[in-house]
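The following note sets out some points for a colleague who has the model open. It begins with a single residue and then widens to the whole chain.

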Amino acid sequence: MKAIFRTDREKQDFLFYKEYENDSAVFGFHSQVELYFIDEGEMDIAINSHHKRLKSGEMCVALSFDAHGYSTPDHSRSSVLIIPTHMCTNFIDSMKDKQSVYPFICKKEVVREIKDYIKKLNDSNNNDIKIQGYIYVILGLIAEHMDFQTSHNPVDTTLLSKLLMYIENNYTKNISLKSASIELGYNQSYLSRYFKSCFNMGFNQYLTTIRLKNALLLMNKKKHKLAYCALESGFNSLRTFHRVFYKEFGCTPKEYMKTVGLKK
């Protein structure tokens, strides 16, 4: 499966900090800036085409719409800070035509400094101005200690977020690139080129991926028959569902259901 738009994150339009033990996350993306810290043990990190096993005291940075995922090979303690776009607009604007050459910071003294500011950021006595100030100090340190290069495909975060949310909110219906262009007020050909430049796949391919993801979720609940899972996920026929399922997973939906003991 391709990277998935993390609507759960996208809808959490507030500053988010949490600590984890033995964390993992599916390969996905969202508009917020995400800072991930390895506090103990080791974790396997994937950001866009970069893969690395990070150790305690190291961190990674996923910029707006960077595809990223995490897994723990043995044991880990980690923490994450997610900054919504409205709280770092200047940083987002400065990065819209850039991409990270290496999305990891392995200098432990730099990571410790960033973590110290996060502790100050999480102080319950902070006012809005202090919070905003600490956010930009943290992002300033990241900009100082990471290398960036000009991107050939600058991301319009507002348009991309609207387009992806349109798909997420309507994928069970009979939608298309044409309906999306009408809804968002953009030229259909422009949206098609823009979407493909951002994700290396077409609108319809991504839409199919989202529908397959939902069908799998319904199938694994072990409550529904195959026809229900397909039609409730936006597929217009069982024939279409069978074809795209086999292409993606190399087995038929019935074969998959037999392996996990589900209804047909």
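1. In this predicted model, aspartate 23 has contacts beyond its neighbours within four places in sequence: Tyr36, Met43, Tyr70, Ser71, Thr72, Ser76 and Ser78. The residue sits in the loop that runs between strand 2 (16-21) and strand 3 (25-29).

2. Is aspartate 23 buried or exposed? Its relative accessibility is 12%, and buried means under 20%, so aspartate 23 counts as buried. A reader inspecting this loop between strand 2 and strand 3 may wish to display Tyr36, Met43 and Tyr70, which are among the contacts of aspartate 23.

3. Histidine 145 belongs to helix 4 (residues 128-145). Leaving aside neighbours within four places in sequence, histidine 145 is in contact with Ile105 and Val110.

4. How many residues apart along the chain are histidine 145 and cysteine 229? They are 84 residues apart, and their C-alpha atoms are separated by 47 Å. For scale, the C-alpha trace of the chain spans about 55 × 45 × 35 Å along its principal axes.

5. Helix 5 (residues 157-170) consists of 14 residues. From first C-alpha to last, helix 5 reaches 20 Å, close to the 20 Å expected at 1.5 Å a residue.

6. Helix 5 is mostly covered, with 10 of its 14 residues buried. The buried residues in helix 5 include the leucines Leu159, Leu160, Leu163 and Leu164. Thr157, Ser161, Met165, Tyr166, Ile167 and Asn170 are buried in helix 5 as well.

7. The chain as a whole contains 11 helices and 11 strands. Why is a radius of gyration of 20 Å in agreement with a compact globule? With 264 residues, such a globule would have a radius of gyration near 18 Å, and the 20 Å of the chain agrees with this.

8. Of the 264 residues, 45% count as buried. Among contacts with a separation of 6 or more, 72% are accounted for by residues 24 or more positions apart.

9. The accessible surface of the chain is about 14,000 Å², and carbon and sulfur atoms contribute 47% of that area. The side chains include 36 positive and 29 negative ones, and the centres of these two sets lie 11 Å apart.

Terms used
Residues numbered from 1 in each chain as written. Predicted model: local features only at pLDDT ≥ 70, side-chain atom pairs only at ≥ 80, totals over all residues. Heavy atoms only, no water. Helix = DSSP H or I, 4+ residues; strand = E, 2+ residues; numbered from the N terminus. Rg over C-alpha atoms; globule rule 2.2 N^0.38 Å. Buried < 20%, exposed > 50% of the residue type's maximum accessible area, 1.4 Å probe, protein only. Contact = heavy atoms within 4.5 Å. Areas by Shrake-Rupley, 256 points an atom, 1.4 Å probe, with all protein chains shown as cover. Lys, Arg positive; Asp, Glu negative; His and termini not counted. Charge placed at Lys NZ, Arg CZ, Asp CG, Glu CD. Expected span 1.5 Å × (residues − 1).
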